[in-house]
Every structure is written in structure tokens, then in C-alpha cells.
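Please find below some notes for a colleague who is new to this structure. They are set out as numbered points and may be read beside the sequence and the model.

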Amino acid sequence: MIPEDLRERVRAWIDEDPDPATRAELEALLDAGAADELADRFAGVLEFGTAGLRGALGAGPRRMNRVVVLRAAAGLAAHLREQGAGEGDSVVIGYDARHLSDTFARDTAEVVAGAGMRALLLPRPLPTPVLAHAIRDLGCVAGVMVTASHNPPQDNGYKVYLGDGSQIVPPADEQIAARIEAVGPLAEVPRGPDERIEVLGDDVLDRYLADVVALVGDDGPRDLVTVYTPLHGVGGDTVATVLRQAGFPASHVVAEQAEPDPDFPTVAFPNPEEPGAMDLALARAAEVGADLVVANDPDADRCAVAVPGPHGWQLLRGDEVGALLASHLLDRGAQGTYAASIVSSSLLGKLAAARGQAYAETLTGFKWIGRVPDLAFGYEEALGYCVDPTHVRDKDGVSALLLVCDLAARLKAEGRTLLDRLDDLAQEHGLHATDQLSVRMDDLAAIPAAVDRLRSAPPATLGGLDVEQVDDLAQGAGPGLLPTNGLRLRLAEGGRVVVRPSGTEPKLKCYLEVVVPVDAGGVDAARIAAVGRLDAIRADLAAAAGI
């Protein structure tokens with residue numbers, strides 16, 4: 001039996017929903033008497049935060065749908081007008097190839113135009129960094145990207161940027177959320193007019209491409225055999241153009257994953273970090289004798305890298321790619337602050353210090369990294385890299401991919417590889433080995449409960465290393481870092497563990513790092529020792545957290 005007050009709320013939703021598919025979805029649930037399902041969909045709202053909106057597609061206030069997006073757009077527009085935006089100001093809107101992304105983008109454009117500003121739509125599904133670039137390039141007061149990045153196919157999302165090209169941070173997220181909550185009936189939200197909506201031409205993409213290619217120019221070694229996969233996302237054409245314009249041979253593209261497909265049929269999760277996601281690319285690399293495998297996630301703001309190793313193809317960790325990119329930029333004389341999130345390797349700070357450059361540590365997420373003053377390079381271990389903050393103050397999987405190819409080609413011309421360069425860094429600064437314990441939990445309450453268990457009873461040792469200090473990130477992680485739920489355990493000999501709930505997925509994430517000196521036994525011996533230490537830390541941590 002569906003309670004009458006719930007039935008009334010469902011009926012009110014149906015009455016203002018402009019989408020016949022989601023109206024029919026709710027009607028079917030009403031007809032089926034699906035009280036539990038309806039109660040879940042109407043138990044609150046999909047919360048707008050520093051990640052914007054992200055959730056499963058479907059009808060109701062706790063799902064991603066046109067009603068939720070229209071309200072979000074109206075709240076954002078009201079916030080921008082409150083901040084002084086007027087008729088001469090514009091908002092640029094991009095979208096990926098997920099289900100309903102184009103519809104959500106068009107709805108947003110109509111609401112922005114109805115609020116008296118200019119709405120600029122990117123010409124087709126394009127990478128998130130193109131949108132981030134367009135905000136600064138076009139002088140917009142804000143940008144919206146409709147994407148759920150690497151989430152499962154049933155999800156979509158709504159990411160908001162302000163006029164500096166960075167993602168929103170507090171208090172802007174709370175202010176926008178308050179304006180969304182204040183939106184009245186959708187029938188009273190103005191839409192249009194069409195003359196205030198412009199679908200941009202390819203020139204906005206061409207300027208992004210030119211800025212990316214300018215990072216490496218068209219000279220230097222270019223003999224490199226690559227395999228590339230966009231993982232059914234929107235990066236394919238953009239990456240192919242960038243590589244061609246920079247003088248690289250065309251990649252061997254994984255045919256089964258080459259075209260955008262919102263169902264992501266060849267992977268369980270469209271995230272290059274997930275087991276199996278890169279299998280087709282690695283198999284193709286073995287067939288063609290590739291020097292390098294590169295991949296993007298579906299909205300192309302992340303970049304994954306794999307290389308041939310002594311035991312077959314191996315994926316590089318985000319921390320390894322971050323160190324390679326940072327060292328390459330430092331070798332090229334890039335001046336400024338080198339920044340990483342608190343869950344990323346401590347090696348970046350040592351690389352920067354060795355070259356006399358500043359180093360900054362931020363909370364997790366590019367919404368923080370992109371705002372570091374005088375940023376020269378920023379990264380986080382989850383395959384996100386900002387190599388050109390002048391133009392894109394966000395992670396950019398296309399420019400990072402190009403810079404990795406540039407470095408790999410230069411090393412190949414010297415008879416060396418990316419693994420050789422990593423060995424160089426280990427010999428200079430010690431082997432910094434990282435790993436992750438990531439647990440997906442259906443019971444969302446179990447995630448903060450695991451953090452609380454560690455908070456109330458932190459272990460004295462992990463993997464045989466003393467826990468020398470426990471930092472409760474809820475009390476603040478350091479100067480300028482806002483409180484966030486999580487713990488940082490500082491271990492003996494430079495080791496470190498950070499435990500936090502994921503901000504985008506139902507996961508508890510634990511980030512592990514050990515530092516092993518490279519002695520007479522060489523880098524290989526240090527790597528073997530590091531694997532043993534990380535395994536022991538992971539086992540002890542899982543036991544202490546009860547996961």
C-alpha cells in the first residue's frame with residue numbers, strides 16, 4: 001500500500017515533469033504499488049555539492065532527470081544573477097555522450113537564456129576539458145558540463161564551474177543549493193528565448209586543440225607506436241587530432257571501444273582503473289608491438305598509461321604517471337607551484353624541492369588543485385593531471401596523454417623507456433610505492449562507520465611500521481585545508497595511509513604509501529620490498545577497519 005501523502009507527492013511530480021518517459025516510469029510504479037521504490041526515490045533530494053549533481057537516471061527527486069536538471073539550472077542562474085551577472089554575460093554548456101546528456105544540456109541552455117543571460121552550447125559531445133577551456137577562452141561567468149565521468153552507464157551528472165574555469169567550492173556550492181531549493185513550480189521558470197541560445201562552432205574546439213598541441217610543438221622525436229582507447233567515450237576524435245597535429249603517427253585504436261556508446265558494452269565499469277577495463281587495449285598492444293598504451297575515461301578528463309614490462313604489459317599507477325609528467329615539466333623549466341592531493345604520493349614534493357619550485361598539498365579533488373595560486377602542475381592519483389593550468393584549470397586527459405607520448409618518444413630516441421625514467425627517480429629520491437584498498441559498499445552507512453572505527457581505535461602499527469601520528473582530517477588537514485571526513489596515519493620511514501569515503505562512488509578508499517631507499521640491491525630489490533610492505537599494511541588496515 002502506497003501512503004497517501006507519498007502518492008500525492010508522486011502525482012505532483014508527474015504533473016510538472018516535461019519528460020514523457022519519466023512520467024510513464026512513475027505511473028508504472030504507482031500502478032504496481034511499488035511503495036518501497038517510490039519511497040526511496042522521494043526520500044529527500046539528490047544533493048547539490050562541490051561535485052555538482054551525480055546519480056542514477058530515473059524519475060523522482062533522488063534521481064537524475066529533467067526536473068532535477070531544470071531546477072539545478074534555475075538555481076545556478078539565480079545564483080549568478082545574485083552575484084551580478086547580467087544580459088551581457090554568458091554561460092557555456094558542454095555534454096558527453098551518456099543517456100540524456102544532450103537533453104540536460106539543452107534544458108540548461110533554455111533556463112540560462114530565460115534568466116536573461118547568453119547560453120553557449122558546445123557543438124556536440126566533447127571532452128570535459130574542452131568545456132573547462134571554453135569558460136576562460138570565451139570569458140564566461142560560469143560553465144556546466146553534463147557528465148558522470150567514469151560512473152556506470154545508468155548514471156549521469158551535472159558539474160558546475162565558475163568564471164575562473166575552476167570547479168565550484170564552498171561556499172558557492174551551498175549558495176547554489178539554497179537557490180535550487182528556492183525554485184518554485186517549473187511552470188514559472190522562464191525558458192528561452194532562442195536568440196539568447198547559441199550553438200558554438202568548431203572554432204571553440206580548434207582553439208583548445210591549438211593550446212594542447214602548443215605544449216609540445218611539432219618537433220622532437222615522434223617515433224612511437226601507441227594503442228589508444230576512449231573506452232566508449234568522447235575522447236577519440238580529439239585525441240586523434242591532437243596526436244596528428246603534434247606530428248605523431250596515428251594510434252592503433254581499440255575498434256570495439258572507439259565510438260561513443262552510453263551503454264559501455266565491453267566493460268563492467270567505464271573506468272580505466274577498474275580490473276578488465278583495459279584488457280582489449282593491452283591485447284591490441286601485444287598484437288602490434290606497441291611502445292605505449294594510453295586511454296581516457298568516457299569524458300576524457302583522465303588519462304591511463306600502460307607500458308611493456310619484464311612480465312608483460314603493466315598499468316602505471318596514477319602516482320607514477322604524475323611523477324613522470326612532473327619531472328618532464330621540470331626538465332622543460334616549468335616554473336610555479338607543483339600541487340597534489342593529500343592522497344597522492346609524497347614524491348612530487350621532493351621533485352619540486354629539488355628544482356627549487358614550490359609544492360602545495362590540497363584536499364582530494366581538482367576543485368581544490370585548480371585553485372592553487374601560481375599553479376604549474378597538479379595531479380591526483382586517480383589518473384587526473386593538469387599540465388596546462390593557464391588554459392585548463394582542471395584535470396585534462398587529452399593534454400596529459402600528449403605530454404606522456406612526448407616524453408615516451410624522447411626516451412625511446414635515447415634507447416630508454418618510461419620505466420627507466422621511473423627507476424631514475426627512485427634512485428634519486430627513494431622508491432615511493434603506492435597502492436589502494438578500495439571497498440565498494442552497498443550499505444552507505446558502513447562507509448563512515450569504518451572511518452569511525454579507525455578514528456576511535458587507531459592501530460599502533462601497520463605492516464610492521466609504527467603509526468607515528470594520526471591526523472583527523474575532520475579537524476582540518478593543514479593550513480588552508482577545510483575539514484573533511486577522513487584520517488591520515490603517518491607511518492615510520494616515510495610511510496602514509498589516508499582513509500576517506502569516496503566523493504563520487506559508494507566506496508571506502510584507503511591510500512597507502514611506503515618509501516624504500518634504493519641501496520646496493522638496486523631498484524628491483526626495493527620494489528620487491530615495497531610490495532611486501534604494502535601487502536602487509538593493506539591486511540592490517542582491513543582488519544583494523546573491519547572491512
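1. Just after helix α15, Gly-430 takes a positive phi of about 90°. Helices and strands here are DSSP runs (H or I of at least four residues for helices, E of at least two for strands), numbered from the N terminus. The model is predicted, so local features need pLDDT of at least 70 and side-chain atom pairs count only at pLDDT 80 or more, while totals for chains, interfaces and linings use all residues. Residues are numbered from 1 along each chain as its sequence is written, and side-chain values use heavy atoms, with hydrogens and water left out.

2. Helix α15 covers residues 418-429, twelve in number, and reaches 17 Å from its first C-alpha to its last, close to the 16 Å expected. The expected span is 1.5 Å times one less than the number of residues. At the start of α15, a side-chain oxygen of Thr-417 comes to within 3.3 Å of the backbone nitrogen of Leu-419. Buried residues of α15 include Leu-418, Leu-422, Leu-425 and His-429; buried means under 20% relative accessible area, exposed over 50%, and partly exposed in between, with a 1.4 Å probe and protein chains only.

3. A side-chain oxygen of Asp-396 reaches to within 2.9 Å of the backbone nitrogen of Val-398 at the start of α14. Gly-415, which follows α14, has a positive phi near 75°.

4. Which residues other than glycine have a positive phi? Ser-149 has a phi near 55°; Ser-149 lies in the loop between β4 (142-146) and β5 and counts as buried at 2% relative accessibility. Leu-231 has a positive phi of about 55°. Leu-231 sits in the loop between β7 (226-229) and α9 (236-245), and Leu-231 is buried at 0% relative accessibility.

5. Two cis peptide bonds deserve a note. One joins Pro-170 and Pro-171, with omega about 5°, and Pro-171 is in the loop between β5 (155-162) and α7. The other runs from Gly-192 to Pro-193, with omega near 5°; Pro-193 lies in the loop between α7 and β6 (197-199).

6. The structure holds four aromatic pairs. Rings of Phe, Tyr and Trp (its six-membered ring) pair if their centres lie within 6.5 Å; planes under 30 degrees apart count as stacked, over 60 as edge-to-face and the rest as tilted. Why is the pair of Trp-13 and Phe-42 edge-to-face? Their ring centres are 5.9 Å apart and the planes stand at 85°, so the pair falls in that class. The pair links distant parts of the chain, 29 residues apart: Trp-13 is in helix α1 (residues 4-16) and Phe-42 in the loop between α3 (35-41) and β1 (53-56). Trp-13 is buried at a relative accessible area of 10%, and Phe-42 is buried at 7%.

7. Phe-377 and Tyr-379 form a stacked aromatic pair, 6.1 Å centre to centre with 20° between the planes. Both Phe-377 and Tyr-379 are buried. Together with Tyr-338 and Tyr-385, Phe-377 and Tyr-379 form one aromatic cluster.

8. The second largest pocket has a volume of about 530 Å³. On a 1 Å grid over the protein atoms alone, a pocket is an open set of points with protein on both sides within 12 Å along at least five of seven lines, and lining residues have an atom within 4 Å of a point. Grid points are joined across faces, edges and corners, and a volume is the space filled by probe spheres set on the points. The lining has 19 residues, of which Trp-13, Val-45, Pro-61, Arg-71 and Ile-180 lie nearest the centre of the pocket. Two or more lining residues come from each of α1, α4 (66-82) and α7 (172-181), and α1 gives the largest share, four residues.

Notes. Polar contact = N/O pair within 3.5 Å; in protein donor to acceptor, adjacent residues only side chain to side chain. 1 Å grid on protein atoms, 1.4 Å probe; cavity = no way out; pocket = protein on both sides within 12 Å on 5 of 7 lines; lining within 4 Å.
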